[in-house]
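Hi there,

Here is the structure I promised to pass on to you. Have a look at it first, and then read on for my notes.

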Amino acid sequence: MHTLGEFLIASQQKHPASTGEFSKVIHALRLAAKVVSHKVNKAGLIDIIGANGVTNAQGESQQKLDVYAHETFIGSLTNRKIVCGIASEEADDFIEVHNSTENPESKYIVLIDPLDGSSNIDVNVSLGTIFSIYKRISPSTGPVTQEDFLQKGTEQVAAGYILYGTSTLFVYTTGNGVNGFTLNPAIGTFYLSHPDITLPPKGHIYSINEANFATFPESIKDFLKNRKAEDQKYTTRYIGSMVSDIHRNMLKGGLYLYPPNQKSPQGKLRLLYECNPIAFIVEQAEGEAISMDQRIMEIDPITLHQRVPFFCGNKEMVATLKSYL
Ligand code: AHM
Ligand code: MG
């Protein structure tokens with residue numbers, strides 16, 4: 001039985017030149033994941049006992065969970081001075097963690113959606129964190145720059161997600177397959193529970209917010225109509241929390257779609273900290289992730305919070321979709 005910590009040590013030993021810096025980034029994310037998991041599990045109690053465990057009859061305002069998650073991940077990564085920059089869905093601009101002249105060996109940057117699926121917070125449904133790790137490309141003698149964050153997904157060093165579901169799961173890849181670790185909350189340890197996750201070759205699930213159907217591109221409408229015409233071959237599952245929808249489809253086989261629509265002409269999902277990391281994981285699990293006409297990880301990013309249409313899942317289902325696009 002491997003813990004995440006043991007797994008990291010074993011992985012590091014395979015790379016004798018490794019400085020251990022990457023493992024420290026994962027350690028920082030692991031710590032924040034435990035703190036957020038604990039908080040998410042107590043979310044339903046907050047109105048009853050209050051944030052400090054004191055009866056909260058006045059219903060005084062509580063810090064929003066997504067802001068809490070943002071501060072927790074940023075805090076964990078910043079305190080240890082192991083990354084030089086962070087970009088978060090919850091912050092308009094990237095954060096320069098510290099001047100790299102103070103700590104020149106610090107070369108990693110992290111892009112993160114600290115708590116995805118926030119519409120699920122109030123209704124006790126699964127949430128997730130998504131992260132993406134790169135090496136900076138600007139000179140290490142100066143501050144991080146925008147270009148460090150606007151790298152193509154193919155340049156990712158690692159990517160992962162944390163699923164706060166019936167249990168808390170930490171899933172990540174460094175480009176050598178995908179492994180998942182389940183938290184034992186009693187002792188605060190993640191154990192390797194899902195080694196080498198691989199998408200089944202065939203899938204029967206598709207996940208999409210079909211309420212937007214009227215303004216989807218015609219190609220997507222045709223694709224969906226024809227899936228329904230194949231009577232009872234497919235089933236729809238949509239939680240509206242991307243990490244949960246993707247995780248289920250990775251284990252059971254399926255296709256996730258967020259096409260453009262009138263309300264979100266570029267789709268809703270963010271390229272840098274939602275689509276790219278999920279694309280890296282899905283590809284490493286032998287699936288595929290595309291936008292309308294391009295592999296997600298080959299898109300040249302233009303802005304930090306850019307949105308793109310997003311489709312990912314089993315190779316077979318993505319191939320069928322491509323034949324419509
Ligand atoms: P968020 O970053 O504001 O939480 O939104 C992202 C979420 C994804 O988790 C989910 O797949 C999608 O939004 C659902 O969108 P919709 O409600 O339009 O179906
Ligand atoms: Mg999000």
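In this predicted model, helix α6 (residues 218-229) packs against helix α9 (residues 315-324) at an angle of about 130°, and their axes are 8 Å apart. That angle makes α6 oblique to α9, since only angles over 145 degrees would count as roughly antiparallel and only 65 to 115 as roughly perpendicular. The crossing of these two helices, α6 and α9, is right-handed. On the α6 side, the contact is made by S219, I220, D222, F223, N226 and R227, while α9 brings in T320, L321 and Y324. Sorted by type, the residues of this contact between α6 and α9 are four nonpolar, three polar and two charged.

Helix α2 (residues 21-42) and helix α4 (residues 65-79) have their axes 8 Å apart and pack at an angle of about 155°. Because of that angle, α2 is roughly antiparallel to α4. The crossing of α2 with α4 is again something to view from the side, and it is right-handed. From α2, the residues V25, A28, L29, L31, A32, A33, V35, V36, K39 and V40 meet α4, where their partners are L65, Y68, A69, T72, F73, S76 and L77. The contact of α2 with α4 divides into 14 nonpolar residues, two polar and one charged.

Is D113 buried or exposed? D113 has 0% relative accessibility, so it counts as buried. E274 counts as buried as well, because its relative accessibility is 4%.

Now to helix α7 (residues 242-252), which holds R248. This helix, α7, is mostly covered, with nine of its 11 residues buried. The buried ones are M242, V243, S244, D245, I246, H247, R248, N249 and M250. For R248 the relative accessibility is 15%, and it therefore counts as buried, the cut-off being under 20%. Setting aside its neighbours within four places in sequence, R248 is in contact with I205, S207, R237, I239 and G253.

Finally, a word on the backbone. Most residues other than glycine have a negative phi. N124 is not a glycine, yet its phi is positive, at about 60°. You will find N124 in the loop between β3 and β4 (127-135). With a relative accessibility of 75%, N124 counts as exposed. E286 is another non-glycine residue with a positive phi, in this case about 70°. Its place is in the loop between α8 and β12 (287-290).

Happy exploring, and do write back with any questions.

Best wishes

Definitions and conventions
Residues numbered from 1 in each chain as written. Chains lettered and ligands numbered in written order. Predicted model: local features only at pLDDT ≥ 70, side-chain atom pairs only at ≥ 80, totals over all residues. Heavy atoms only, no water. Axes fitted to C-alpha atoms, helices over the stretch in contact; angles between N-to-C directions. Helix = DSSP H or I, 4+ residues; strand = E, 2+ residues; numbered from the N terminus. Parallel < 35°, antiparallel > 145°, perpendicular 65-115°, else oblique. Left-handed = near helix turned anticlockwise from the far one by under 90°. Contact = heavy atoms within 4.5 Å. Nonpolar A, V, L, I, M, F, W, Y, C, P; charged D, E, K, R; others polar. Buried < 20%, exposed > 50% of the residue type's maximum accessible area, 1.4 Å probe, protein only.
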